[in-house]
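Please consult the sequence and the coordinates alongside the points below.

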Amino acid sequence: MREHEERGGGSRAGREGRQELPPQSPEEQARAICLRLLTGSPRTRRQLADALEKRGIPEEVAQEVLSRYEEVGLIDDAAFAGAWVESRHRGRGLARRALAQELRTKGVHATLVADALEQLDSDQEEETARELVERKLRATRGLERDKRIRRLAGMLARKGYPEGMALRVVRRALESEGEDPDDFPHPGE
C-alpha cells in the first residue's frame, strides 16, 4: 500500500492531508461568516449584512440568519452602541458628536445612538475635554498664545467637542497658567 501511495496513488484525502467537505448551503455559509466575524469583536447588524452581501449571500438568507442571531442575542446593536460610547469616550476622549457619527457609519439606528449617548452628560464630557487639554497643554508651552489656543481648541474640535465648550476649556486651562483672560477669543468671534 505504501509503495502505491509513494508512486502517486492513494486517496485524494491522503495526499492533501484532509478530507473534502461537502459544499455548504448559503445558510451555512452565512452562519459561518457571521460567527467568524463575531468571534473577533462585536459587530452591528449592518456590518454583518454588508459582509454577507460582499460574499454573495442572497439577501433573504442573510436577513433570516441575522434575525435569528438577534433573537438569541449574538447581535445586539443597543449593547454594541453602549459599549462603543463607553470605550471610545474613555479611551480616546471622543465627544458625543464624534461618537454619534462613528455609530451612524456602523449602521446603528438613530434611536439607539441617542440612547447610548445619554450615558454621557455634558459635565462628564467637559471634564474629559479638560483632561485632554491638560495632557496637551505642556507640549504647547513656549508657543504664541494664539497658536496654543488654535492647537488646543483644534484638538478638541477633531474629537467632536463643540466650539464654545472647547474655547471655554482652553481659556480656563491657560488662565490657570497665568495667561490674561481678557486676551482670549470668545465663542462666535
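Helix α6 passes helix α7 in a right-handed crossing. The model under discussion is predicted. In this model, the axes of α6, which spans residues 77–92, and α7, which spans residues 96–105, come within 10 Å and cross at roughly 140 degrees. Angles over 145 degrees would count as roughly antiparallel and those from 65 to 115 as roughly perpendicular; α6 and α7 are therefore oblique to each other.

**Contact between α6 and α7**

- On the α6 side, the contact is made by F80, A81, W84, V85, R88 and H89.
- On the α7 side, L99, E102 and L103 make the contact.
- By residue class, the contact of α6 with α7 divides into 6 nonpolar, 1 polar and 2 charged residues.

**Secondary structure**

- The protein contains 11 helices and 0 strands.
- Read from the N terminus on, its elements follow the order α-α-α-α-α-α-α-α-α-α-α.

**Burial and surface**

- Of the 189 residues in the protein, 34% are buried.
- The protein exposes about 12,100 Å², and carbon and sulfur atoms supply 46% of this area.

**Contacts along the sequence**

- Considering contacts between residues at least 6 apart in sequence, 60% join residues at least 24 apart.

How values were computed: Residues are numbered from 1 along each chain as its sequence is written. This is a predicted model: local features need pLDDT of at least 70, side-chain atom pairs count only at pLDDT 80 or more; totals for chains, interfaces and linings use all residues. Side-chain values use heavy atoms; hydrogens and water are left out. Helices (H or I, at least four residues) and strands (E, at least two) are DSSP runs, numbered from the N terminus. Buried means under 20% relative accessible area, exposed over 50%, partly exposed in between (1.4 Å probe, protein chains only). Contact means heavy atoms within 4.5 Å. Accessible areas come from the Shrake-Rupley method with a 1.4 Å probe; for residues, only the protein chains shown count as cover. Axes are lines fitted to C-alpha atoms, for helices over the stretch in contact, and angles run from 0 to 180 degrees between N-to-C directions. Angles under 35 degrees count as roughly parallel, over 145 as roughly antiparallel, 65 to 115 as roughly perpendicular and the rest as oblique. A crossing is left-handed if the near helix is turned anticlockwise from the far one by less than a right angle, and right-handed if clockwise. Ala, Val, Leu, Ile, Met, Phe, Trp, Tyr, Cys and Pro count as nonpolar, Asp, Glu, Lys and Arg as charged, and the others, Gly among them, as polar.
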